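Please have a look at the model below. My notes follow, point by point.

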Amino acid sequence: MINVAVDAMGGDNAPTELVKGAAEAVEMRNDLKVFLVGREEVIKKELTSYTYPTKQIEIVDAKEIIETAEPPVMAIRKKKNSSMVEGLHLVKKGICDAFVSAGSSGAILVGGQVIVGRLKGVERAPLAPLIPTNKGVSLLIDCGANVDARAPHLVQFAKIGSIYMEEVVGKKNPTVAIVNIGAEEDKGNLLVKEAYPLLKNCEDIHFIGNIEAREIPKGMADIIVCEAFVGNVILKLYEGLGDTLIQKIKTGMMSTFRSKLGALLAKPALKETLKDFDVTKYGGAPLLGLNGLVVKTHGNSKAVEVKNAIIQCVSFKEQKMNEKIKEKIC
């Protein structure tokens, strides 16, 4: 069995959507066990709404909750009986293979590195979500964990990202590009200028040079390397623009009788196309390079994203990602 701990109290829609996502996940996989971590009486009540294989869900009682606005370091230190800290300790102790949370990003990043710990040889653990592109998906690494990264860290992110894309996503010889304000080699800030030749001379990756932000949605590279400040801005703009465009399309199609008629005819094809740009289908963003898997999902995650994040953890374990990172990085 693959054991995944889920922070049942983290996020805007806890515990309802977290519990529902867990119930749906165990319905899909008979080799999966989910440990729902949080207030036992609340989780038990939520579980009564679902039919699921009862042996595949276990409740771990945790009375405290880390709120989004709390200082991350202080919260991890003081709230030892919180759903997040207890869940991370399940991974540290080897009881669970992975931990999924929609809770405070800062607390997850701190807790992942302090409690679970980094693999020996990994200098920084990057947060790396898959983002939809015109050619499938790309890996954005780092998108929020290391705003003060140095050039050697970006090289290691590229190596870790290449392993992830090849082993988990199945992309052979994935291409790597670094985010820059131009295609020329001498463009960029000091960090990018220092990282470029290191990436260029790294034999472990397929580096193709700089990538401008407008080229990212076109799928011009499989792995998008950047430090966390830039990565987080790209991710948030990506998500916001995607939602806005979908809403604009819907509004336009409902504006006149003719457009409504056209919308009726186009709806099946449009619905199928937009599925590819639904970020929830890709699960969460894994914090790569730790001694166990920690996955951050959106704070407003619904059950489908939680379910997909849990299944994502199963794939990670099946592909022995940690072992491969140890072998190639450490």
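1. Phe229 is exposed: its relative accessible area is 57%, and the cut-off for that label is over 50%. Keep in mind that this is a predicted model. Phe229 belongs to helix α8, which covers residues 228–253.

2. Together with Val147, Val230 and Val233, Phe229 makes up a nonpolar patch. The accessible area of the four together is about 370 Å².

3. Now Tyr52: buried or exposed? Tyr52 is buried, because its relative accessible area of 18% falls under the 20% limit. Tyr52 sits in a loop, with α2 (40–47) on one side and β3 (57–61) on the other.

4. What does Tyr52 touch, beyond its neighbours within four places in sequence? The contacts are Ala23, Val26, Glu27, Leu47 and Ile57. Glu24 is 28 residues away from Tyr52 along the chain, yet 7.7 Å separates their C-alpha atoms.

5. Next, the sheet. Six strands form an open sheet with mixed pairing, in the order β3-β2-β1-β4-β11-β10. At the edges are β3 and β10 (285–287), each pairing on one side only. On average, neighbouring strands are turned by 25 degrees against each other, direction ignored.

6. Strand β2 (residues 32–38) pairs with β3 in the parallel sense, over five bridges. Opposite Ile59 of β3 stands Leu36.

7. Finally, helix α4 (residues 83–92). Helix α4 lies across β1 (2–7), β2, β3, β4 (98–101) and β11 (293–296). The angle between α4 and β4 is about 160 degrees.

Notes: Residues numbered from 1 in each chain as written. Predicted model: local features only at pLDDT ≥ 70, side-chain atom pairs only at ≥ 80, totals over all residues. Heavy atoms only, no water. Patch = residues over 30% accessible without salt bridge, like charges linked within 9 Å, V, L, I, M, F, W, Y side chains within 5 Å. Areas by Shrake-Rupley, 256 points an atom, 1.4 Å probe, with all protein chains shown as cover. Salt bridge = Lys/Arg side-chain N within 4 Å of Asp/Glu carboxyl O. Helix = DSSP H or I, 4+ residues; strand = E, 2+ residues; numbered from the N terminus. Buried < 20%, exposed > 50% of the residue type's maximum accessible area, 1.4 Å probe, protein only. Contact = heavy atoms within 4.5 Å. Pairing = 2+ DSSP bridges. Axes fitted to C-alpha atoms, helices over the stretch in contact; angles between N-to-C directions.
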